[in-house]
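Here is a friendly walk through some of the labels used for a model.

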Amino acid sequence: MFHKISILGLTVSLGLPLMGSAARAAETPDVQTIVNQANRAAYYQGDDGKAAVKMIITDKQGNTREREFNILRKDVQDGGDQNYFVYFQRPADVRRMVYLVRKHAGVDKDDDRWLYMPALDLIKRIAAGDKRTSFVGSDFLYEDVSGRSLELDTHELVETTDQYYVVKNTPKKPELVEFAYYNVHIDRKTFMPMKMEYFDKSSGKLFRTIESQKVEEIEGFPTVTRSVVTDLRTGGKTEMQFNDVDYNIGIGDIFEERYLRRPPREAMR
Amino acid sequence: MIATRRITAAVALLTAAFVLVAAAGQDEQPQEQTNPIREFLDRHEIEYHGFYEARVGARLLDDPYQSKDLTIGEGRYQFDLFSMRDWGDVKVKGDVYGDFVTEEAEFDLREANVFMRPTDSMDLKFGRQVLTWGTGDLIFINDVFPKDWVSFFIGRDTEYLKAPSDAVKVSLFSDTVNLDVVYTPEFDSDRYITGERLSFWHPRLMRRAGEDDELDISRRREFFEEDETAIRLYRNISSYELALYGYWGYWKSPAGFNPALTRAIFPELYVYGASIRGTLGKGIANAEAGYYDSVDDRSGDDPLVNNSEMRYLVGYTQEIARDFTAGVQYYVEQMLDYGDYEGSLFPGSKSRDEFRHLTSLRLTKLLMNQNLMLSLFTYYSPTDEDAYLRPMVNYKASDRLMYEVGANLFFGDERHTFFNQFHYDTNVYAGVRYSF
């Protein structure tokens, strides 16, 4: 079975299972177990989940832009394909747009993506693109949101502290990405990725971080409710806040055209 | 004099609207207490959004058939009211604008509809609504819902290409197949080029014409008699979207001439078609076809009514670099019974080709954190030897403020071809929009 790891999964994704017994074990698990655990913990919690997300994008000059959207997630198979339904509320020019993703876990199959534009009543199919492209103009990348396959990197446990496993991830195809490698600090108890650090190809310096700044336990699941990405090269940063998080709410079959044209009410509130 | 008063009224109205909008727009402040309108709307759980926009555009060429160089000049206020009730949703969206080309204050009710989901397998939407289906990108075969070609050619936002329908839409859903039925009790035509504001090839005068030779139209206004029905049957297989379409109504733009009335008419039209869309390689491919059954000239020998046609389209879109997308389409329009058409032509008439081939290319590049968009849409017809270019730059200065400049450029060899008939309408425009 093939897994992906993602920031949205890690943070928004409404799914942070406690594979508690493994975490509490005294001995250090091997690195593959750690990344699998973190991935599964981050991404496939419960059968479904939702959150109201607010993004604050700040540029080098301190100008801010905001995005607000509701996100609903449902797993097709635990550890496999997933569906995402994103309903935009702000800014005004994208209000009521819907972004639908059918994520395919297989590395050989691209995700299916649709965008609904209400003013034209138009359902646009979106071509699979470079996943290291900004998500809705923020410092989060599409790949941070829709997932980076564990199979794209080699993983190495470089340090075990009191609190974290520190895993170094090196891309197998460096020509496809803008980083040389990235380190992830994974909480030893919850397997929550708490910090990701990206290092530059030529200088080897740190140029991008993603931090889980606030973690709350919601319905028994530790949940990141504030996450910040900082781009040291552009001077920009984006903060994501997650409110009204809810798990296992019994989301129906909403990931189709009918609900693009008129979203279910739980997505619009 | 009257015109001046109209302009004054329009300006006054728009100024008032802008003040309202600006006041309503500052929602960083706790303005609910100070704005009675918003307070009222909030109390009744009505969402209120919209924008204020100014847009100006002018002809690049001297048009002998128009007195104004201005192709667009308007101040526009759009309100968008939406309310979710237990029994359904109510939406009302309208535009008030002062038009400095026609010198009138206008109200365009874009949407006024009720949506209900009475059962798990049925959706209902009735009232004024914008309707779209089909797979083409700015090329339409089975989407026979009204288009506003005037807005499209003068550089209004793409939203205005779709004109609303006064219709009932019933959608039925099942595990195997879904069905949409749209019934429009009174025919809704396109907002086509009449000669007002934009010059065109006048089919009867057999020359270009403008504001002095506006097309006389015989409209269809018999409620429940001159109606339209459109259906779509669709389902997804894996990630491929398949659909069948049917339409029973009228040509949406004038496609015939009644010599007794000396007016252009909307002859009867039935359309049957199919489409498919899905992933192919790294991109999205689509194919669509339609049979246009021109009921009033099935034999093809009536020179005053359009012949039947076959229409075919294939398209492909792919992201070719980061934040850079390209889309290509190939479209063919085939006139049926061409021999009968040729034989019936009046001497000296410009004959259409049996096959009209049309290609399109869309390039879209996003820059500056996706706040700056450079876009080019090009139509080129190798058979008509004409082209229509739509370059556009759009910059989002903030979450509320957007600037746009663009152009509508028409080229060609002959005066009567599909795009080059609008040669003198070639224009550039600029706009600014404040959304709230």
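Q: Why is Arg400(B) called partly exposed?
A: A residue is buried if 20 or more other C-beta atoms lie within 10 Å of its own, exposed if 12 or fewer, and partly exposed in between, with C-beta atoms placed from the backbone. Arg400(B) has 17 other C-beta atoms within 10 Å, so it is partly exposed. This is a predicted model, in which local features need pLDDT of at least 70 and side-chain atom pairs count only at pLDDT 80 or more, while totals for chains, interfaces and linings use all residues. Residues are numbered from 1 along each chain as its sequence is written, and chains are lettered from A and ligands numbered from 1 in the order in which they are written.

Q: Where in chain B is Arg400(B) found?
A: Arg400(B) sits in the loop between β20 (386-396) and β21 (401-412) of chain B. Strands here are DSSP runs of E with at least two residues, helices are runs of H or I with at least four, and both are numbered from the N terminus. From Arg400(B) to Thr364(B), 36 residues away along the chain, the C-alpha separation is 22 Å.

Q: What makes chain B as compact as a globular protein of its length?
A: Chain B has 4 helices and 22 strands. Its radius of gyration, taken over C-alpha atoms, is set against the globule rule, 2.2 Å times the number of residues to the power 0.38. For 436 residues the rule gives 22 Å and chain B comes to 23 Å, which is close, so chain B is as compact as a globular protein of that length. Along the principal axes, its C-alpha atoms fill a box of roughly 75 × 60 × 50 Å, and 34% of the 436 residues count as buried.

Q: What makes the set around Phe85(A), Val86(A) and Val98(A) a nonpolar core?
A: A nonpolar core is a set of buried Ala, Val, Leu, Ile, Met, Phe, Trp, Tyr and Cys residues joined through C-beta atoms within 7 Å. The largest one has 48 residues, and Phe85(A), Val86(A) and Val98(A) have the most contacts inside it. Helix α3 (residues 31-43) of chain A gives the largest share, 6 residues. A second, separate core of 23 residues includes Val144(B), Val182(B), Ala243(B) and Tyr292(B). In soluble globular proteins, nonpolar side chains tend to be buried together.

Q: Which residues is Phe85(A) in contact with, leaving aside neighbours within four places in sequence?
A: Contact means that C-beta atoms, placed from the backbone, lie within 7 Å. For Phe85(A), the partners are Leu72(A), Val98(A), Leu100(A), Ile254(A), Phe255(A) and Ala267(A).

Q: How do you know that β4 (residues 82-90) of chain A and β5(A) pair?
A: Two strands pair if DSSP finds at least two bridges between them. β4(A) and β5(A) are joined by 6 bridges and run antiparallel, so they pair. Tyr84(A) stands opposite Val101(A) in β5(A). Strand β5 (residues 98-103) of chain A also pairs with β6 (residues 112-117) of chain A, in the antiparallel sense over 5 bridges. There, Leu100(A) has Trp114(A) in β6(A) as its bridge partner.

Q: What makes β5(A) mostly covered?
A: Of the 6 residues in β5(A), 5 are buried.

Notes:
Two residues are in contact if their C-beta atoms, placed from the backbone, lie within 7 Å.
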